[in-house]
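Visitor: Please walk me through this structure with questions and answers. Keep it brisk.

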Amino acid sequence: MAKRSRRSWGKVAKKGKRYYAEYTGPDGARHTPGKSFPSKLDADGWLSAEKRLIDLDAWTPPVQRGQQERADLLTVGEWLDKFHDLLETGAKPLKPTTVQNYRDVTRKRITAPISPGDADPDVTFLYSMRLTTVTKNDIYRWWDAVQRNYDTPPTNQQAYKRLKAAYAEAARREMILVNPVEIKKAAAKIKPDEKYLPSDEELAKILHGMNDRYKAVTSLIFHHGLRIGEAIALEVRHVHVEYLPVPYMPRVTVTIEQDLARLTPKGEKTYMLLQPPKTEAGNREVPTMPTDVPYFLNHIARYVNGQTTTVRTVDGVKEVELFTTTSQGRVLMDTSYRSVLDRVKRAVGVSAEIDPHTGRNFIITMLAEQGATLKEIGTLLGQADVSVILETYLKVRGGRTTTLMDRVSQSLGKV
């Protein structure tokens, strides 16, 4: 049975060979140190220190002080790791691929900077600093060095945003008083690099030279603007064929409701994760062009055989009948498709600048030329933010301005 000694203030009890202290604080609640002491003298000393804080009007609950002390010892790198852990396990966890991207940009610019910044102390110093001691000047020092070392504005800005978000969360938790990550220019909108706009002829050459197994998925990427992850994630059930009376070509419509994204968890092999689209706008139906319908009919006849493939999802492993697989019936990785595409581009002699994402530039530009509104284009492409369509994807094809002026000239001649 515990022996309890009474004092003028607080209590000390002995249980076995250890001593425990407690007291009632100014807030009317019971408080303990959260640990035991080897001697009564140590327990009395802790109570005396607590009483002095109360007398000096400098008291806060011991638990709160303990949290602050731990926060004071936490480094920027440690907090960034913990912050991203929280994003994966909170009430509304982010997609694993999103958090992987966050960790990646943070690592490259803050926690383990890549070359050439890894040799610059103005870049590398921030990781090991204590979270609570970082000043706005420290953030400016790091940001100036990042810009000096890396000619990659989008990645630099993403790292800055991750750092700011982590500090904002620390401020919400009262681990710090003020968020020092506040550089107006660092958050300024970056003008995206001008993407290559492939010609009709170049895409026709790619489709003609592509392996028959991948012609349909190539059509979806380059002629219909599907993101590569959306195209390779299609299951057979997502491809709908409506047969019409002869001589009309059947209609083919695809339903997009998921994507496959590459994930490399720490200590594991890289794999493709089947997951929902990033935004609600990603859920959509896309009618295919009549000229490309033969690619889909041929694919269904030759490669759709009821065979299922094992895939990993956010809810565990499952069997699905993918529309496009490798010749071994496995999931087609985005990197594997890019490798095939690169070989085809070299073989048919088209621009090396063409990549799966340029298909979105192509179809958006073509749709705009046909009079489609930004809202209509956004619906087909799964892009809710029409400003992204206008500022990032929409291009002017070579010779297009001349054609338009010729049309105006012809209309003037009719007056």
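**Salt bridges, backbone and cores**

Guide: Start in helix α7 (residues 153-172), where Glu169 and Arg172 are three residues apart, about one helical turn. Their side chains meet in a salt bridge, 2.7 Å from N to O. Bear in mind that this is a predicted model.

Visitor: Is Glu169 buried or exposed?
Guide: The cut-off for buried is under 20% relative accessible area. Glu169 has 16%, so this residue is buried.

Visitor: Which residue forms a salt bridge with Arg107?
Guide: Look within helix α4 (residues 96-111), three residues from Arg107, about one turn of the helix. Arg107 is partly exposed at 36% relative accessibility. The closest N and O atoms are 2.5 Å apart, and the partner is Asp104.

Visitor: How far apart are the closest N and O atoms of Glu235 and Arg237?
Guide: Glu235 is buried, with a relative accessible area of 6%. Arg237 is partly exposed at 48%. The two form a salt bridge, and the closest N and O atoms are apart by 2.9 Å.

Visitor: Which residue does a cis peptide bond join to Pro247?
Guide: Pro247 is in the loop between β5 (239-242) and β6 (251-256). Omega is about 10° at this bond, and the residue joined to Pro247 is Val246.

Visitor: What is phi of Asp57?
Guide: Most residues other than glycine have a negative phi. Asp57 sits in the loop between α1 (40-55) and α2 (62-73). Asp57 is exposed, with a relative accessible area of 74%. Its phi is positive, near 55°.

Visitor: What is phi of Glu174?
Guide: Glu174 lies in the loop between α7 and α8 (200-209). At 61% relative accessibility, Glu174 counts as exposed. Glu174 is not a glycine, yet its phi is positive, about 60°.

Visitor: Which residues have the most contacts inside the largest nonpolar core?
Guide: That core has 39 residues. The names to note are Ile206, Met210 and Tyr337.

Visitor: Which element gives the most to this core?
Guide: The elements giving two or more residues are α8, α9 (215-222), α10 (228-232), β6, β8 (271-275), α11 (293-303) and α12 (334-348). The top giver supplies five residues, and that element is α9.

Visitor: Which residues is Tyr337 in contact with, leaving aside neighbours within four places in sequence?
Guide: Contact means heavy atoms within 4.5 Å. On that basis, Tyr337 is in contact with Met210, Tyr214, Val217, Thr218, Ile221, Phe222, Ile228, Leu332 and Pro356.

Visitor: How many residues are in the other core, apart from this one?
Guide: Among its members are Ile110, Val134, Leu163 and Ile183. The residue count of this other core is 27.

Notes. Residues numbered from 1 in each chain as written. Predicted model: local features only at pLDDT ≥ 70, side-chain atom pairs only at ≥ 80, totals over all residues. Heavy atoms only, no water. Salt bridge = Lys/Arg side-chain N within 4 Å of Asp/Glu carboxyl O. Helix = DSSP H or I, 4+ residues; strand = E, 2+ residues; numbered from the N terminus. Buried < 20%, exposed > 50% of the residue type's maximum accessible area, 1.4 Å probe, protein only. Core = buried A, V, L, I, M, F, W, Y, C linked by side-chain atoms within 4.5 Å.
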